[in-house]
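Me: I would like to learn how to read a structure like the one below, feature by feature. Could you take me through it slowly?

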Amino acid sequence: MKFLLLLSAIGLCWAQYSPNTQQGRTSIVHLFEWRWADIAAECERYLGPKGFGGVQVSPPNENVVINNPYRPWWERYQPVSYKLCTRSGNEGEFKDMVTRCNNVGVRIYVDAVINHMCGSGNPAGTSSTCGSYYNPGNREFKAVPYSSYDFNDNKCNGEISNYNDANQVRNCRLSGLLDLALEKDYVRTKIADYMNNLINIGVAGFRLDAAKHMWPGDIKAILNKLNNLNTKWFSSGSRAFIFQEVIDLGGEAIKSSEYFGNGRVTEFKYGAKLGTVVRKWNGEKLSYLKNWGEGWGLVPSDRALVFVDNHDNQRGHGAGGASILTFWDARMYKMAVGFMLAHPYGFARVMSSYRWDRNFQNGKDVNDWIGPPNNNGATKPVTINADTTCGNGWVCEHRWRQIRNMVAFRNVADGQPFSNWWDNGSNQVAFGRGNRAFIVINNDDRSLSANLQTGLPAGTYCDVISGDKVNGNCSGIKIQVSGDGRAQFSISNSAEDPFIAIHAESKL
């Protein structure tokens, strides 16, 4: 009996690190600012069939409406209440999305904004996505309800000015946003009620926005109030997957490791360092990635949520700086995402974006605030073109063949060890995942031609970067693996996609 209790305790302890994806699905996509109806359709027509594990959705709770012809993306991070209505849709549409996605094996992860309410500079009124009244000046949020007793004004009545002071970072206001007093049981309960409503609907987990600005113990107390996941889709006793936005590039008071007890953390050093390597800045080379992961000072793999870019740093916010690769740098970006999805470190999230009119002044994009494609403030639907790309201003990187097929590569390679590393001492590298998958990347200024040990069984394989395996044929390059597991690879330095990937399920 003691042994069973111990196993049960261990299960609960580890539960928040597991993404609750269906067996064999190993990565998720952030469908940034998508409408709930479009996400539901995408789960059924694309994400489910292509092996995606889940979707991170934009905050579903009521927020301020910023009156401006485009409505900025960041209004979603200014809560007014925990009612489920936003420009992405209402509560009914949210429930329909969660149900339809779960039914095709695609999980939903909510971006939970629980550190704060809206900015103190917003005027009182009902200019919100549900029409609820709020008055930031006197800390009145009737639809929760919160009052002046529920905020940290007695601890800090101003902005964070010193990131080397942990008390300031966690008690003062981030960009004017009213900081909730999370040590109060009333506040914790209101937040837990919101999250439990989402759990009961069927969500699989949460991204905790601005986790660095909350005390780890306060987060833990809220998580302890959460229900188990909905048994319609999850096994009995399953707990919500938790990944916390903790920006830790080193040199500040707050460390990612302080949050490991609550769940995974978003490893911002991942995209910053990988971008520097792929751009070949500071003399960095792909060959240096042989010990990628903890060897580069990243957090332990089982505590990391990894990504090449996110909705903040693709706009120059958040963390990472100019090295961050995005869809604007398509060739390098596909290479970096391909590397991420091939490598076993961390739990991977793919970004899916929308375009905006960039306008650089003094090195800064002054249009980085622009919200999703819209008609008079109403978010445009995601349309699908004949070639399966997206229209209406939506980028849909997750639909790019090179990225979608690397999501499948990661699924095929799941549980297989990092193996058969090769490099030329510079920017040509290759590595395998046991006897299931192999990738070759050429980021050099000269062509790659090499006979390499793949670890794969003999046969003809379809390169899933240049094409697809369809009805037993390959629309791209074919790679012949000999009986000893070796194969010849050739990649021009001017190739549109300077990498090749093969795996067990791409065998012809």
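Reply: Let us begin with the overall layout, bearing in mind that this is a predicted model. The centres of domain 1 and domain 2, taken over C-alpha atoms, are separated by 39 Å. In the domain assignment, domain 1 is made up of 12-266 + 354-394, while domain 2 covers 418-506.

Me: How should I read a helix, and which residues of H5 are buried?

Reply: An α-helix has 3.6 residues a turn, so residues three or four places apart point the same way. In H5, the buried residues are Val187, Arg188, Ile191, Ala192, Tyr194, Met195, Asn196, Leu198, Ile199 and Ile201. Their cover includes helix H3 (91-103) and helix H6 (216-223), together with strands S3 (107-112) and S8 (205-208). After H5 comes glycine 202, whose phi is positive, near 130°.

Me: Where is glycine 53 placed, and is this glycine buried or exposed?

Reply: Glycine 53 belongs to the loop between helix H2 (36-47) and strand S2 (54-57), and it is buried, with a relative accessible area of 0%. Leaving aside neighbours within four places in sequence, glycine 53 is in contact with Thr21, Arg25, Ser27, Ile28, Gly105, Val106, Arg107 and Tyr109. The C-alpha atoms of glycine 53 and valine 407 are separated by 9.4 Å, although these residues are 354 residues apart along the chain.

Me: What describes a pair of aromatic rings, and how many aromatic pairs does a search of the whole structure find?

Reply: Such a pair is described by the distance of the centres and the angle of the planes. The search of the whole structure finds 30 aromatic pairs. One of them joins tryptophan 292 and tryptophan 296 edge-to-face, at 5.1 Å centre to centre and with 65° between the planes, and both of these tryptophans are buried. Tyrosine 354 and tryptophan 394 also form an edge-to-face pair, at 5.9 Å and 80°. Because tyrosine 354 lies in the loop between strands S12 (347-352) and S13 (360-361), and tryptophan 394 in the loop between strand S18 (390-391) and helix H9 (401-413), this pair ties together parts that are 40 residues apart in sequence. Ring pairs link a cluster that includes Phe32, Trp34, Tyr354 and Trp394.

Me: Which charged end sits over the ring of tyrosine 17?

Reply: That of arginine 303, 3.7 Å from the centre of the tyrosine 17 ring. Likewise, the charged end of arginine 349 sits over the ring of phenylalanine 307, 4.6 Å from its centre.

Note on methods: Residues are numbered from 1 along each chain as its sequence is written. This is a predicted model: local features need pLDDT of at least 70, side-chain atom pairs count only at pLDDT 80 or more; totals for chains, interfaces and linings use all residues. Side-chain values use heavy atoms; hydrogens and water are left out. Buried means under 20% relative accessible area, exposed over 50%, partly exposed in between (1.4 Å probe, protein chains only). Helices (H or I, at least four residues) and strands (E, at least two) are DSSP runs, numbered from the N terminus. Contact means heavy atoms within 4.5 Å. Domain bounds come from an automatic or database domain assignment. Rings of Phe, Tyr and Trp (its six-membered ring) pair if their centres lie within 6.5 Å; planes under 30 degrees apart count as stacked, over 60 as edge-to-face and the rest as tilted. A charge sits over a ring if NZ of Lys or CZ of Arg is within 6 Å of the ring centre and within 35 degrees of the ring normal.
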